[in-house]
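Subject: Handover of a structure and its findings

Dear colleague,

Please find the structure below.

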Amino acid sequence: MLVMHGFWLAEAGLCLWAEDSELLVKSSSQAYRSARPHPFAAKQATLDGIHAGKPGEVTLLLPSLRSAPLDSPELIRTPPRPPAQSASALLPWIVPVSCLDPVAALAVLSERAPGIRYGASISYLADLAEFAGELVTRGRVLPALVRDSEGAVASWRPVLSGPDVVAVHALTRAMPPVCRAVPGQDDPVELVGAALAAMVDAIARGELGAGPGLLPPRRGRRPERLSAIEAWLEALSAPEGRFDADPAELDALAGELATWEGVGRGQTGPARATFRLTEAGETAASETGASETGASETGAGETGAGEEQSAQAQDEPAGPAATGSRWVLDFLLQSASDPSLLVPAAQAWSDDGSLSRWLANPRELLLTELGRASRVYPELADGLRQPRPCGLELDADGAYRFLAAVAPALDEAGFGVLLPSWWDRRRKLGLTASASTPVDGVVAKASKFGKDQLMDFRWQLAVGDDTLTDAEIAMLAQAKAPLVRLRGQWVAVDPEQLRRGLEFLTRQPSARKSATEILALAAAHPDDLGTPLPVTTVAADGWLGELLDGGVPQFLQPLPASTQFRATLRPYQQRGLSWLSFLATLGLGACLADDMGLGKTVQLLALETALRAENPAAGPTLLLCPMSLVGNWEREAAKFAPELRVYAHHGPQRLRGPALADQLNDADLVLSTYATATRDIDELAETHWHRVVLDEAQAIKNSLSQAARAVKRLGAGHRVALTGTPVENRLAELWSIMDFLNPGLLGSSQQFRTRYAIPVERHGQTEPARRLRAVTRPYVLRRLKTDPAIIDDLPEKIEIKQYCQLTGEQASLYQAVVDDMMERIENTDGIERRGNVLAAMAKLKQVCDHPALLLHDRSAIGSRSGKVIRLEEILEEILAEGDKVLCFTQFTEFAEMLLPHLSARFGTNAGYLHGGMPRARRDELVTSFQSDEGPPIFLLSLKAGGTGLNLTAANHVIHLDRWWNPAVENQATDRAFRIGQKRNVQVRKFVCTGTLEEKIDEMIEEKKALADLVISDGESWLTDLSTQDLRKVFELSKDAVSE
Amino acid sequence: MSSGWYPPPARPRAVEGGLKARTARGAIGQTWWSERFVSVLEHIGLGNRLERGRNYARRGQVISLDVAAGLVSALVQGSRSRPYRVRIGIRAFGKAEWAKLEAGLAGSAWYAAKLLAGEMPDDIEDVFAVAGLSLFPAAAEELSMDCSCPDYQVPCKHIAAAFYLLAEGFDDDPFTILAWRGRDREDLLAHLQAASPGHQPAADQREQVGQPLAACLESYFSLQAGIPVTSPPVTASDALLGQLPAVSLAVRGRLLPDLLRPAYQAFGAGTASSSAQPAG
């Protein structure tokens, strides 16, 4: 495996190097005082194959033993490297590097190569890049002019002040030491500075690259040589910052720009001015429970200088009279090193030297800070027109302006701001829409619900969730200031907004709207509605209200499956079924996002069965899934819904043209894969599908992928997405799935990013997250296996057969083994024959696991095994749910192959335990797995009987291959499923379709069913089968192979 | 202009490390107070001659410039080997006058606050007017100028160069004007009761953040601390442009902040922070 590491140098950009577990650990050179070639650093050619850049070599100081550097924690070796016997020390090693310029570097940091494990240093640099991107987005950058021996360079530099200084400080402190391992380049402050500068410059240029440039239009022709300032401006948006201009003009430009030199250099003084807004005459009341807006030091306001903290009861709501309220903006000094240390201005003025512990000159500092702040907040001047200013009096207008506009600006400029706590959860003036089912006789008759049902509809003014009475509206309208006390709480009301809101109400008299219109209104973003005030709630009664509130599954009668369905649905599955058919009736796209193991497949098959029972003439449903799941769907459909006519459209022999069209007409359920559907999209899009279902819908999480674009071309009466992880990594994935289900619901992907993804993911804002939940709630049903409502419905142990398909390579290898072994079996008898049968089975099982197990070629895992492909898909879901998993295999070699592969694939450690391990090591591994920080994946290759392993941290068990001995398998399973296990355990047994695995599995199931016969001796009964029967067992059926 | 008997102008000698004028184009003063100073000079008839000093100042011919109470003294390198000595005198206010001024200034923390923040308070001239004084020279007679060069024109280009740099000095530190009038920063602040002796400790007290590498062997490849989630204040992406010190750069009549505004708006609307971080 390869583990990629990186560091950033001002002159070289992002330097990538890697450890390669395939290389010999020890250096052949003993000259440990001088730098030696790193023995297991990836070769230049290997690096180039992954992230090609400027090749080079650097010396790195790495923790080492005499003969070799230590491994990074991300590097997994099989067998593991013996633990170090001697102490480690820093030694220099020469390492090949690939150096990427900032543009290429940003691309690598945001989009990594598959199959490579990336060390913490890369994640760290990615965090830096993300921070740099955020600075640019917020406009915290300034253009600069850099002069060097070759001429002039126009560049963008970061502007760091206030909270950003704190953030950079935290980033600097967090730097992994390996990022500063180049001798002489070990100052994290400089390294972070250089990296941020380069990243900010590249990102800002990238943003401007496509734009029209910064130069105002000129009349006449462009001169041969631009003036320095024009050339500089032009270079600021060009891909390269270097430009040419007259040296004297450059001097002048540099002179002018020097004024901006000092802005945002990230320096913080020993203290800063802090402004605290309180209501005059109420300093001791609850309103002063100030909270700080800045993210840097939370809670600083509460600890304050220790005064003014009595939390008294809310005083009486004062009504309109209070609109003439007075506010005070207190000036304080806040220590930079200890933000909880707040000194009121009065104390600074009268300081007798007691502040000198941390401030040499508090008066002068306070004055300087106030002077600086007056630049951001000019009205501050009024408060400074006295010898010893302690604060500024504000009327309600001024207070409102301070809260709304000044405070964020001061915060950003590096000053502290303490605002009343109600401001953060303040209630704003908005509109509510309410819809109700009409009670007049005319409509009541058409009681059947539907998209076109008309409902009474009206707009109202509201503050927060409280709809305003006419009296309250009148009171607000009379108020002279934007801060008004209403129902005991402050409300910010802009009179102009209120006026427009009232006007809107008169323009939009109560009317009727269709359910569709109301749903669209509820989903719309306030910016798109064109209402003068934000719409805070859209409420409705009846089914529509339940739909909006996400109460539909409880509201509807659970739907028992139709009689044609051959399984009993659990209560929550019945609710899921009724929810699906309800949304289907309305033609609304539905995302069933139950946790894995809760039976999404069964619910969907029940939906299809019910539909076909009710409407036999319904057109076909198209279901797309990953290749690895086609066999699974076929088998589950055959088992639970045998009356469904299923056609699997995949493989090289799949139908086309008229033959395909005929087949589609005869099918109820058409199964296909994302890859096939993307390829055949022109033909598939010609059919109007009754329904299109995406299983493992995260397959279209990237909205730009071909698959995502293809599926959106499919016309369907109803769309369903099945996924256990609707948001695997990023909210954008949710957008892609929702845009398939209900196109346009969440706006364009760009709008979605700015409205939801960035505020929620980057800034952890709760309001957009709340809104997003509300908007998607009608269309997403997600039940967790830990839900109390579900957990009682669930059996303690869910056993699932996971059907996989062989790859082409596996199939031909399988066939060769069968041919060879059958010949041997035919020509032998007695013990020898028995031995051959068992050997044949072992080999075939190995082929089903992975071709390399038979070939012993130590080649890459790649996508050569259907089981490994499916394993990766399942692990991805398990890890996304934060669960832990045990993976059993009989083959040590398979486990050792999977160990580095899975570690790299999931960027996490995996545990590995095999039969040959000493007891102490085993216990150590078990303890580590059981701990919260332990690895989420545990590979075991042993007959797990009687070893007393307690692995209850896992709630998933995967049997990668079969013992065909329930006792042995159950014993293994019971490692996880034990007394003390509070969660339900899901057990998956991997079976390759069309191979001996499936056939033996069927035989056992039949025998169990027929005679309740427990085959306790595993495989040996197979040796008694006749050669003819054996051939049937071993033979490869035609549906065994994937594409 | 040159008379027959006077030697033709010689090229001035180059100066290593001279005080170069920052502004190599356009007008000098970037701030209202240095602008005001220059306009006073122009008003009292020195304006045109100042032009002559500009090239000198830009080329860095001024070796040193000292501002003391009532007197600016400068060394300016001309064509001769020995630099010329330039002196510009102004009336320094006396104790009583300053007491009046300081009483006026101390009445409002505004003045000290602005001065300390690097700005001349925009209404400071009112305080001087109340005391019957003027911050800036009101007439040519208030200024005495003198240069050791043989040029008989006053001001000569050496004096002009010194004026030029003086105005720039005012830009950088408004206390300079007051110092010229007789109160240096320390005294003034002390008198305003807003200062005590001693400077601020250096603002940039850089904390030692980089542990020696040898001390981090155990966690060499790992993060050394958590990276907190930040929630930066929400302001418009072009808010910074409104908070910058003024510059007089412009292209075709549009000032630099306005030229840059579209870029900042593009940043705000853009995709800069979209860099994805896929797992693994």
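Are H22(A) and H23(A) parallel, perpendicular or oblique to each other? Before the answer, two remarks on conventions are needed. The model is predicted, and local features need pLDDT of at least 70, side-chain atom pairs count only at pLDDT 80 or more, and totals for chains, interfaces and linings use all residues. Residues are numbered from 1 along each chain as its sequence is written, while chains are lettered from A and ligands numbered from 1 in the order in which they are written.

**Two helices of chain A**

Helix H22 (residues 600–614) and helix H23 (residues 630–640) of chain A pack at an angle of about 55 degrees, and their axes are 10 Å apart. Helices (H or I, at least four residues) and strands (E, at least two) are DSSP runs, numbered from the N terminus. Axes are lines fitted to C-alpha atoms, for helices over the stretch in contact, and angles run from 0 to 180 degrees between N-to-C directions. H22(A) and H23(A) are therefore oblique to each other; angles under 35 degrees count as roughly parallel, over 145 as roughly antiparallel, 65 to 115 as roughly perpendicular and the rest as oblique.

In this contact, Thr601(A), Val602(A) and Leu605(A) of H22(A) meet Glu636(A), Ala637(A) and Phe640(A) of H23(A). Two residues are in contact if their C-beta atoms, placed from the backbone, lie within 7 Å. The residues of this contact comprise four nonpolar, one polar and one charged. Here Ala, Val, Leu, Ile, Met, Phe, Trp, Tyr, Cys and Pro count as nonpolar, Asp, Glu, Lys and Arg as charged, and the others, Gly among them, as polar.

**Strands of chain A**

Strand S24 (residues 621–625) of chain A is mostly covered, with five of its five residues buried. A residue is buried if 20 or more other C-beta atoms lie within 10 Å of its own, exposed if 12 or fewer, and partly exposed in between, with C-beta atoms placed from the backbone. Thr621(A), Leu623(A) and Cys625(A) point one way from S24(A), whereas Leu622(A) and Leu624(A) point the other way. In a regular strand the side chains alternate between the two faces of the sheet.

S24(A) runs parallel to strand S27 (residues 689–695) of chain A, joined by four bridges, and Leu623(A) has Val693(A) as its bridge partner in S27(A). With strand S26 (residues 669–673) of chain A, S24(A) pairs in the parallel sense over five bridges. Two strands pair if DSSP finds at least two bridges between them.

Elsewhere in chain A, six strands form an open sheet with parallel pairing, in the order S30-S35-S34-S31-S33-S32. Strand S30 (797–804) and strand S32 (910–914) of chain A stand at the edges, each with a single partner strand, so one side of each is left without a neighbour in the sheet. From one strand to the next, the twist averages 20 degrees.

**The contact between the chains**

Chain A contributes 111 residues to the contact and chain B contributes 79 residues. On the side of chain B that touches chain A, the elements giving two or more residues are helix H4 (109–116) and helix H9 (256–269) of chain B. H9(B) gives the most, with eight residues. By class, this side of chain B has 46 nonpolar, 24 polar and nine charged residues.

Eight of the eight residues of H4(B) are buried, so H4(B) is largely enclosed by the rest of the structure. Among them are Trp110(B), Tyr111(B) and Lys114(B). The cover over these buried residues includes helix H10 (362–376) and helix H11 (380–384) of chain A.

**Individual residues in loops**

Most residues other than glycine have a negative phi, and most peptide bonds are trans. Phi of Glu696(A), however, is near 50 degrees, a positive value, and phi of Arg252(B) is near 45 degrees, also positive. Glu696(A) is buried, with 21 other C-beta atoms within 10 Å, whereas Arg252(B) is exposed, with 11.

Lastly, Gly241(A) lies in the loop between helix H6 (228–236) and strand S9 (242–243) of chain A. Gly241(A) and Val153(A) are 88 residues apart in sequence and 5.0 Å apart in space, C-alpha to C-alpha.

A colleague
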